[in-house]
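Work through the following exercises with the sequence and the 3D structure at hand. Each task is followed by a solution in steps.

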Amino acid sequence: MAPMGIRLSPLCITLFCLLGVGVIYHLYAGVLSSRIASFRLKSTVDLRELLALSMEAAVQGGREVKRIREDNTLEEKSKGKTKEGDSEKLTLGDLNSHRKMFYLIKNTYPYIQVNSEEHANAEGEATVWTRIIPEEILAKISGGKEVPAERITVWIDPLDATQEYTENLQKYVTTMVCVAVDGDPVIGVIHKPFTGHTVWGFVGEGSNVVPRASYNTNFPKVIISRSHSGKVKSFVQVAFGNNTEIIPAGGAGYKVLALLDPTDEEQDTADIYIHVTYIKKWDICAGDAILRSLGGQMTTLKGEHIDYSGTEGNKGGLLASIKTDHKALVKRLPPWEENKEQ
């Protein structure tokens, strides 16, 4: 029996039911679409903010690296062998720096891909970014550079030059963050924990460092890895002559900084950086971005740009230069078989 004694026909009841279903459907669709729109809105990232966050992550990781080295609580162990057969060191500095850097970025932007050299099993840090953008970034980089999160890959190296870190060769040690968009390095941050200096570059926007006034590519100074300098030395001498000055050094980040105007008295200077064996992308992405932001280049030994999406390794070696004819340098290099040293 309907209210007020009114009897409703089956047709009316059906219409009321359909009307109710329609209202519920539209309400549900509206809520769902607003949630989807909200998700899409928050899953874009302002690259200026991501640069500031990357700087803060590198600094926070660097504090852990410095503290553990100064306290001499490294807890050094081996995590295996490199492809060259050398022991790959792991310390508490690596792990603590990883936790600080990784979780600061993931807690701020949980929907972006972050690749780190380390993989801590412990619970994450509850670190939250303050969203304070340094004045030097505000002065050089305008806002509004939104990029969908799915196009971004972040590479972090919580402690570059771990071998040198265990030997207390502090000048080689860095922490690094790189932001790649569609596989291209766009933002690079290299922080020196023991001097407190941070270098950054944003491709197409600016940097807080500059190249040197001139570079010698006829008789270049070449910086290489000290861990397998013998293998690279013969390669470099074939390309540039037996009298080429070769600088063995630790840390890929340090070697890139050697191509720039020195930030401190301990920094070596070189004209070219060459690496001939397998290397991980978190070692080189930040340096590549910084060089690109200054008009320089980092490529494989065959002159190919490195894709910073997908797998973690770069098998083609690398050649880095700035303010030079990079293609001419590639042509001077002897033939190199990618699998020769792997």
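**Exercise 1. Find the partners of the disulfide, and state its handedness and its place in the fold.**

Solution. C178 and C285 form a disulfide, with their sulfur atoms 2.0 Å apart, where a disulfide is defined as a pair of cysteine sulfur atoms within 2.5 Å. By this rule the count comes to one disulfide. The next step is the torsion about the S-S bond of C178 and C285, which is about -45°, so the disulfide is left-handed. Because C178 lies in strand 7 (residues 174–181) and C285 in helix 8 (residues 281–293), the pair ties together parts that are 107 residues apart in sequence; helices (H or I, at least four residues) and strands (E, at least two) are DSSP runs, numbered from the N terminus. Finally, C178 is buried, and so is C285, where buried means under 20% relative accessible area, exposed over 50%, and partly exposed in between (1.4 Å probe, protein chains only).

A note on the basis of these values: this is a predicted model, in which local features need pLDDT of at least 70 and side-chain atom pairs count only at pLDDT 80 or more, whereas totals for chains, interfaces and linings use all residues. Residues are numbered from 1 along each chain as its sequence is written, and side-chain values use heavy atoms, with hydrogens and water left out.

**Exercise 2. Describe the surroundings of R131.**

Solution. Begin with the loop between strand 4 (113–116) and helix 4 (135–140), which is where R131 is placed. At 44% relative accessibility, R131 counts as partly exposed. Not counting residues up to four places away in sequence, R131 touches E49, T108 and Y109, contact being heavy atoms within 4.5 Å. With one of these, E49, the side chain of R131 also makes a polar contact of 3.1 Å, that is, a pair of N or O atoms within 3.5 Å in which, within protein, one must be able to donate a hydrogen and the other to accept it, and residues adjacent in sequence count only if both atoms are side-chain atoms.

**Exercise 3. Which residues of the largest nonpolar core touch the most other members?**

Solution. A nonpolar core is a set of buried Ala, Val, Leu, Ile, Met, Phe, Trp, Tyr and Cys residues joined through side-chain atoms within 4.5 Å. Of the 37 residues in the largest one, I223, L260, Y273, I284, L291, M298 and Y308 touch the most other members. Helix 8 supplies the largest share of this core, seven residues.
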